Amino acid sequence: WTPSARAPVSRPLPTGLGPPRLWGAGPGALRGAGAARCWASGCPGGDPGGGAGLARLLGLRARPPGDPRLPRALLSGGPGGGARAGGEAWRRGPAVPAAAAAPRDDSRLRPAAAGRSEAQKLLGLAYPERRRLAAAVGFLAVSSVITMSAPFFLGRIIDIIYTSPTGDYSGSLTRLCLTLSGMFLCGAAANAIRVYLMQTSGQRIVNRLRASLFSSVLRQEVAFFDKTRTGELINRLSSDTALLGRSLTENLSDGLRAGAQASVGIGMMFFVSPHLATFVLSVVPPISILAVIYGRYLRKLTKLTQDSLAQATQLAEERIGNIRTVRAFGKEMTEIEKYTSKVDFVMQLARKEAIARAGFFGATGLSGNLIVLSVLYKGGLLMGSAHMTVGELSSFLMYAFWVGLSIGGLSSFYSELMKGLGAGGRLWELLERKPGLPFDEGLTLNEKSFQGALEFKNVHFTYPARPEVPIFQDFSLSIPSGSVTALVGPSGSGKSTVVSLLLRLYDPLSGTISLDGRDIRQLNPVWLRSKIGTVSQEPVLFSCSIAENIAYGAEDPSAVTPEQVERVAEVANATAFIRSFPQGFSTMVGEKGVLLSGGQKQRIAIARALLKNPRILLLDEATSALDAENEYLVQEALDRLMEGRTVLIIAHRLSTIKNANMVAVLDRGKIIECGNHDELLAKPDGIYRKLMNKQSFVSA
Ligand SMILES: Nc1ncnc2c1ncn2[C@@H]1O[C@H](COP(=O)(O)OP(=O)(O)OP(=O)(O)O)[C@@H](O)[C@H]1O
């Protein structure tokens with residue numbers, strides 16, 4: 001095994017299920033073939049545990065023991081620096097701190113924003129673009145100086161025309177006009193470059209913000225997703241980031257331009273006529289006060305608007321995603337009304353914003369016109385008393401006009417900035433949120449001695465979303481390595497919760513869950529999950545091809561070869577139905593696998609788990625009976641999958657229960673009976689016996 005065989009560790013945060021080249025003869029397939037050759041040639045770390053024979057049969061490679069590399073590197077988007085260190089991890093002692101073994105550099109995606117003011121956080125986002133932005137500001141300065149010098153020279157031209165004593169001014173007029181044309185050309189070029197630089201930096205900032213946010217969201221603990229709705233998160237990712245990005249870039253660019261032009265303009269007004277300038281600028285302070293009040297109001301309003309929009313998106317996302325249920329209950333009109341009332345509320349807020357905006361811009365427009373009028377009035381008087389030339393008054397008027405325009409630009413910059421800050425509030429909350437459970441840190445066990453024995457000891461647990469309802473009280477269960485344990489119990493007794501706790505989606509309130517005698521809270525959750533395979537009653541597939549869904553089980557889907565996928569599909573009894581589709585393995589499965597039947601989805605999920613080749617298997621048997629043939633095929637595939645692994649199965653089938661090494665009966669938060677089927681059935685007053693009589697287990 002060589003790190004280079006797994007080159008794609010340096011890929012950025014994955015956003016899809018791997019490149020479509022899986023089925024082509026592209027580099028992904030070649031890499032896969034290379035890696036497969038290497039595994040076959042007896043590289044270190046052969047499969048120490050169960051499933052080894054099957055893995056060999058499938059041509060699969062057991063992951064190098066303790067190799068935490070790929071998931072971590074992929075998730076972190078880091079430069080693949082973890083490869084070497086990860087390789088050392090499995091050679092060291094029985095347990096290795098994974099965080100130390102594979103340093104992760106994801107600082108690019110996580111702005112260290114906590115504890116800073118919002119303006120500082122915004123600047124922090126723009127920091128990586130400082131060079132481009134500095135260049136843009138340079139070009140902005142050039143174009144502004146040129147634009148703002150124009151009125152001065154235009155005033156000169158007017159004076160040349162009006163005040164030339166001889167009347168022969170054509171020579172100097174031509175020279176001045178030619179110079180001015182050259183200057184204007186330079187100004188236009190500088191402005192174009194500024195716009196390009198600002199726009200591209202803006203897009204990069206928004207991209208980085210989206211990637212950071214997505215990374216931060218995916219790292220959160222499962223309890224966070226129990227409470228936060230998907231639609232809201234999607235709204236934050238799409239709408240809020242765009243709003244914040246716009247306020248930071250295009251808006252910042254226009255704001256800087258307006259600011260520069262206003263200051264130069266005011267300076268030039270004082271240069272041309274200090275007296276007139278003082279008179280005119282007395283109107284600025286009242287406008288500034290108005291702008292501050294308006295800005296604060298707008299910021300509050302934007303926060304409310306974005307929250308309401310998030311609620312509307314949430315509703316739309318959930319209802320569209322479950323259109324079959326909506327249709328089955330005939331609730332289309334109700335849902336349309338609900339959505340309309342939500343967007344109507346957004347519109348009410350937009351109306352409030354429109355009123356505030358109208359008042360503010362009306363006031364600034366009026367003051368702009370009043371300024372021009374007052375310049376003409378006062379300037380006319382000054383000209384009458386020979387304190388000003390016609391050229392000076394013209395220059396001054398042009399500067400006043402520019403300053404008026406720039407102040408207008410500054411006020412819309414301010415209002416957009418306030419909107420950005422309003423949207424940013426929620427984004428910072430998400431970006432800075434520390435996951436309640438560690439994401440990718442802790443120990444990894446030595447793979448050579450890794451057995452996969454599981455044990456729950458006196459576990460107490462409540463779900464964070466419902467802390468008052470105890471799920472487990474003094475729950476204890478031991479699952480020996482390489483055995484099959486069937487978990488049975490009434491509906492709602494907490495069977496699926498056992499699976500969630502083993503995957504460390506939640507932590508118990510007290511008691512311990514251990515793997516090979518080590519508390520799983522000490523273990524790296526990413527490593528732990530890499531050792532566990534799950535097949536649920538209703539497996540979730542992603543909306544891509546069958547091949548990509550199967551390859552998802554591998555550590556590096558892009559390195560999986562078509563042959564490997566076909567082999568696991570064969571073992572999972574899935575090849576026949578896949579081949580019956582015109583596009584075979586490239587058939588798209590639809591959102592959540594909606595284009596496949598329940599039995600087909602299960603077999604693809606089994607193939608996916610086979611490709612993962614985990615030491616521990618958590619199965620949730622389907623409650624609904626499949627047709628006889630499908631059931632036989634799924635059962636056979638499951639039997640092959642279970643071979644040689646530690647299996648915990650939430651059992652609904654009598655045959656599964658009978659075949660299990662041990663049956664554990666869960667009731668009222670604890671295991672009340674344990675033993676094999678016959679032993680438990682022999683207890684005259686046993687709960688298991690009653691359960692068997694009461695519940696209709698699928699008798700296949
Ligand atoms: N994320 C959650 N937050 C709060 N409560 C939950 C959550 N998930 C499940 N529950 C509750 O925990 C209890 C146990 O649920 P669980 O799904 O583990 O039961 P189960 O035995 O697997 O049920 P079934 O056989 O019907 O699938 C139920 O009362 C359920 O309402």
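Is arginine 504 counted as buried or exposed, and at what relative accessibility? Arginine 504 counts as buried, because its relative accessibility is 4%; buried means under 20% relative accessible area, exposed over 50% and partly exposed in between, with a 1.4 Å probe and protein chains only. The views below come from a predicted model, in which local features need pLDDT of at least 70, side-chain atom pairs count only at pLDDT 80 or more, and totals for chains, interfaces and linings use all residues. Residues are numbered from 1 along each chain as its sequence is written, and side-chain values use heavy atoms, with hydrogens and water left out.

**View 1. The open sheet of 6 strands.**
The strands follow the order E8-E9-E10-E5-E11-E12, with mixed pairing. Helices (H or I, at least four residues) and strands (E, at least two) are DSSP runs, numbered from the N terminus, and two strands pair if DSSP finds at least two bridges between them. Strand E8 (532-535) and strand E12 (670-675) stand at the edges with a single partner strand each, so one side of each has no neighbour in the sheet. On average, neighbouring strands are turned by 20 degrees against each other, direction ignored. Axes are lines fitted to C-alpha atoms, for helices over the stretch in contact, and angles run from 0 to 180 degrees between N-to-C directions. Helix H17 (residues 495-502) lies across E5, E8, strand E9 (616-620), E10 and strand E11 (662-667), and runs at about 145 degrees to E10. Contact means heavy atoms within 4.5 Å.

**View 2. Strand E10 and its partners E5 and E9.**
Strand E5 (residues 484-488) pairs with strand E10 (residues 646-650) in the parallel sense over 4 bridges. E9 and E10 also run parallel, joined by 5 bridges. Valine 484 stands opposite valine 647 in E10, and leucine 487 stands opposite isoleucine 650. Aspartate 620 likewise stands opposite isoleucine 650 in E10. Of the residues of E10, 5 of the 5 are buried, so the strand is largely enclosed by the rest of the structure. Thr646, Leu648 and Ile650 cover one side, and Val647 and Ile649 are on the other.

Arginine 504 is found in the loop between H17 and strand E6 (510-515). Asparagine 573 lies in the loop between helix H20 (562-571) and helix H21 (575-580). With a relative accessible area of 14%, asparagine 573 is buried.

**View 3. Helix H10 and its bend at arginine 236.**
The 19 residues of helix H10 (residues 230-248) should span 27 Å at 1.5 Å a residue, and the end C-alpha atoms are 26 Å apart, which agrees. The expected span is 1.5 Å times one less than the number of residues. H10 bends by about 35 degrees at arginine 236; the bend at a residue is the angle between axes fitted to the seven residues ending there and the seven starting there. Buried residues in H10 include Gly231, Leu233, Asn235, Arg236 and Asp240.

**View 4. Surroundings of lysine 378 and isoleucine 672.**
Lysine 378 has its place in helix H15 (residues 332-384) and, at 23% relative accessibility, counts as partly exposed. Not counting residues up to four places away in sequence, lysine 378 touches His275, Leu276 and Phe279. The C-alpha atoms of lysine 378 and valine 280 are separated by 9.1 Å, although these residues are 98 residues apart along the chain. Isoleucine 672, found in strand E12, is partly exposed with a relative accessible area of 36%. Isoleucine 672 touches Val665, Asp667 and Ile687, not counting residues up to four places away in sequence.
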